Amino acid sequence: MSGPLLAFAAVYLVAVWTPFGQRAENALVVGYADGAWMADASQSWGPPPLTQDLETIAVGLAAIASIAVARRHWLAGCTAIVTVLSTIAASQVLKNVLLIRPDLVGADDNLVKVSFPSGHVALTAALVAGVALVAPERRRPALAAVGAAWIALTAGAVQALYWHRPSDVLGATLLACAGYGAAHRLLHPGSRPSMPRPWAWTALLPAVAAAATGAGREGTVAGPLVFGSAAWICAALLWITIARTSPRRPPAAPPRR
């Protein structure tokens, strides 16, 4: 089992199957969903996939197919599309069929529904991973940085709206990371991922602002701080997963004398 899948299982077991995990996350649900900064947007224009989730999938798959056709990378295109659809389908099957949430702490009825993993975040992360699979290798880190901001905004918003808990968004992201890793190994067998250089981490700064915006709520700080932190971690997890597979530029040759 790959690292992301092991982490997925660990997050689920700790957050859902222990009284400590359930109490910690239930304590974050204070107030009403309409107190979130993104409440009005989630009922009107979006941002996707908070609304128009099916349309978001369609547009994302069309973009992946277009890039693959333009680059004539047929295998990468097919693999990316299968990865996106598999990740989205897995999140729905796990949440709605396979995984359960036992009530270990006598929680209110609105807190016992299964919500792990988040379908919205799985959709977002899967599309970002799919685009990265067909994009030119040198462009992956930049595209991943843009995608990370989108993931951070989505993950922060679904928590602030009380649609999901921090563990739900982390689990969804880890699922997408596992899918990307498997697809990349299939397309590039024998490749050796390496950690990004320290300066490359500045690419995650926009995700900080996106996470804070999505996680914001009126009249409170503690909840949004946790939500925003979880959202940024989601962004960082997928960005690192993608950036590790992008080749570094070779060192410049010394000048001739």
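A disulfide is a covalent bond between the sulfur atoms of two cysteines. To be counted here, a pair of cysteine sulfur atoms must lie within 2.5 Å. The structure above is a predicted model, and a search of the whole of it finds zero disulfides. The protein chain has 257 residues, and its secondary structure consists of ten helices and zero strands.

**Overall build**

- From the N terminus on, the elements of the protein chain follow the order α-α-α-α-α-α-α-α-α-α.
- The radius of gyration of the protein chain is 19 Å, which agrees with the value near 18 Å that a compact globule of 257 residues would have.
- Along its principal axes, the C-alpha trace of the protein chain spans about 75 × 40 × 35 Å.
- Of the contacts in the protein chain between residues at least 6 apart in sequence, 82% join residues at least 24 apart.

**Surface and charge**

- Buried residues account for 50% of the 257 residues in the protein chain.
- The protein chain has an accessible surface of about 13000 Å², and 67% of this surface belongs to carbon and sulfur atoms.
- There are 19 positive and 11 negative side chains in the protein chain.
- The centres of these two sets of charged side chains lie 26 Å apart.

**The cysteines C177 and C234**

- The cysteine sulfur closest to that of C177 is in C234, at 8.8 Å.
- For C234, the closest cysteine sulfur is in turn that of C177.
- C177 is buried, because its relative accessible area of 4% falls under the 20% limit.
- C234 also counts as buried, with a relative accessibility of 0%.

**S42, in helix 3**

- S42 is found in helix 3, which covers residues 39-42.
- The relative accessible area of S42 is 8%, so this residue is buried.
- Not counting residues up to four places away in sequence, S42 touches L50, T51, L161 and W163.

**W45, in a loop**

- W45 has its place in the loop between helix 3 and helix 4, the latter being residues 53-71.
- W45 is exposed, because its relative accessible area is 57% and the limit for this class is over 50%.
- Leaving aside neighbours within four places in sequence, W45 is in contact with T51 and Q52.
- W45 and T241 are 196 residues apart along the chain, and their C-alpha atoms are separated by 30 Å.

**Q92, in helix 5**

- Q92 lies in helix 5, which covers residues 74-98.
- With 31% relative accessibility, Q92 counts as partly exposed, because this value lies between the limits of 20% and 50%.
- Leaving aside neighbours within four places in sequence, Q92 is in contact with V97 and G119.
- The C-alpha atoms of Q92 and S118 are separated by 8.4 Å, although these residues are 26 apart along the chain.

Technical notes
Residues are numbered from 1 along each chain as its sequence is written. This is a predicted model: local features need pLDDT of at least 70, side-chain atom pairs count only at pLDDT 80 or more; totals for chains, interfaces and linings use all residues. Side-chain values use heavy atoms; hydrogens and water are left out. Helices (H or I, at least four residues) and strands (E, at least two) are DSSP runs, numbered from the N terminus. The radius of gyration is taken over C-alpha atoms; the globule rule is 2.2 Å times the number of residues to the power 0.38. Buried means under 20% relative accessible area, exposed over 50%, partly exposed in between (1.4 Å probe, protein chains only). Contact means heavy atoms within 4.5 Å. Accessible areas come from the Shrake-Rupley method with a 1.4 Å probe; for residues, only the protein chains shown count as cover. Lys and Arg count as positive and Asp and Glu as negative; His and the chain ends are not counted. The place of a charge is taken as NZ of Lys, CZ of Arg, CG of Asp or CD of Glu.
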